[in-house]
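Hi everyone, thanks for coming.

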Amino acid sequence: MFEYFEIARTDGVRQVNRARVMRLIQDKSGIDRTELASLIGVSNAAITNIVNELIVADIVQETISSGDSVARGRKRVGLQIDRSGGFVLGITAIATSVSIVLANIRGEVIDEIDVDPTQIENPEHTLKQIHKKASIVLQRNAVPMDRLFGIGFSVAGYLASDEQSLEFASYLGWPNFNLKAKLQSMFGQNVTVENVNRCIALAEIRFGTLADAKDMILIRSALGLGGAVVSEGRVLRGSHNLGGNLGHVLAVVDGELCSCGKRGCLNTVAAGWAVIHKLGAARSSYDTINKYRTQNEQLRELLGSEKMGDKKVISALTEAGATLAKHVLPTIQIMNPEAICLTGPVGRHSAYAGAFRDTLLHFDLNCRVVLGSETNIITPSMASVYLALSDMVYSPNFNFNQIVQAPIEARVS
Ligand SMILES: [Zn+2]
C-alpha cells in the first residue's frame, strides 16, 4: 500500500509516519487515532503527537460522529483532511491543450483555466504564458504561498533518466532542456514533472476506477498514441526512462513517416492520424506541433456528431482500433496484466474502442478491458493534480515546515 514511500527522497521516520497518517485520513475519512495507530503499527502516543501537529497546522480537523459510541456516553472523534489546509496546482501541457487546475489537498477542484499558447512550438514562450495564467489563478483564489504545497506538471513527452530534462517530446516538438529546473525557477516552488500517460496510470491505480490494480497497461489514443505500463504497482521506466512509449513501436517496416522522424510507427496505423490519413484528409504525418494541431482539428471534425454515421469514418476507426489491439497483444501476453485501459479522444470513440476490445477478446485473454467510452478514466488535467498530491502532499516529501505557524496562544484563544 505504501510502496512508493520506499523510493522517497527523504527517509526520516517522522516524515514517513506523517505521510502514512495523512494518506490514511484522506483514504478513510473519519478514521480515529486508535485505528491509525493499529494500521500503522506505532503507539497511540506517537499518533496523537503527529495528529495534533497536523491539527494545529490546519491540515487535519476533527469530526464528531454520532455512532453507537455516543449512546455509550463516549463520543468517537474521527479525523478528516481540512479542505482549506492547502493547495496544489496541476498543469498539463499536451499537444492539443494546455491547462491549469487549482485543487485543495482533498483533490477537489477549486478553479481551472485553459492556456491558449500563441507559440506552442516555443517552450520558453509557452512556459511564460503558463506561469502568467497560474499566477492569475493563485491570486484570484487568494492562495497563501505557504499553503501551496506543490505543482504537478504532466507533459506529452519523456524526461531523461535524471527525471529533469526533457528528452523526447515528438508531439510537442520541444528540444531537450531541463524542464524541471526551468519550472522550479519560474515558480519558486517544488515541481514534479512526469509523462502525461504515466500520470494518468498512476492516478488511476491510486485514486481511480483501477484503484489497487498492481499490473496494468494504459493507452491514450488521440491523433497520436501514448502508453504507460504499471508493473507491481510501479510505473515501468526502463533504462532510458522511455518505458511505455507505445506510439513509436515499429508496426510497419518502411511504412508512413511518423512525427519522430522514423517510418512505420504504431501511430501511423493505429491512432487518429491513421484515421485521417485513411480518409485522405492528411497526406503526410505531423512533423511540427502546428501541423499536429491543424490535423487534430481535422480529426475532431471527423469524429464530430454529424459524421458519426459516415460508414467510411466508422470503418477507418474500426480498422485502427483492431490494429492497435493486434500490436498490443504480445505485450499483454508477456506482461499478464490485470487490466488494460483505453482512453483519449480517439480511444473513447465507440467504433474504435469496440474493435479494440473485440480483437483482444478473440484471443481469450484473462485481463479486464477497461474502455474510456464506458468508464470515466481520470483526465490529463486531473492526473496532474494527483501527481502533485501523491508526490508532494501524501508523501514523505511533504514540506511541513513551509507552513508559517501562527503562535499557539493565538490559536488557543
Ligand atoms: Zn514514431
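Let's start with α11: its 25 residues reach 35 Å from first C-alpha to last, close to the 36 Å expected at 1.5 Å a residue. That expected span is 1.5 Å times one less than the number of residues, and helices here are DSSP runs of H or I with at least four residues, strands being E runs of at least two, numbered from the N terminus. Before going on: this is a predicted model, with local features needing pLDDT of at least 70, side-chain atom pairs counting only at pLDDT 80 or more, and totals for chains, interfaces and linings using all residues. Residues are numbered from 1 along each chain as its sequence is written.

Now, where does α11 bend? By about 40° at Val328, with Pro330 following within four residues; the bend is the angle between axes fitted to the seven residues ending there and the seven starting there. Just after α11, Asn336 takes a positive phi of about 55°.

On to α10, where Ile289, Tyr292 and Leu299 are among the buried residues. Buried means 20 or more other C-beta atoms within 10 Å of a residue's own, exposed 12 or fewer, partly exposed in between, with C-beta atoms placed from the backbone. On the other side of α10, Glu297 and Glu301 are exposed.

Finally, Val229 sits in strand β12. Why does Val229 count as buried? Because it has 24 C-beta neighbours inside 10 Å. Its C-alpha is 7.7 Å from that of Arg198, 31 residues apart along the chain. Thanks, everyone!
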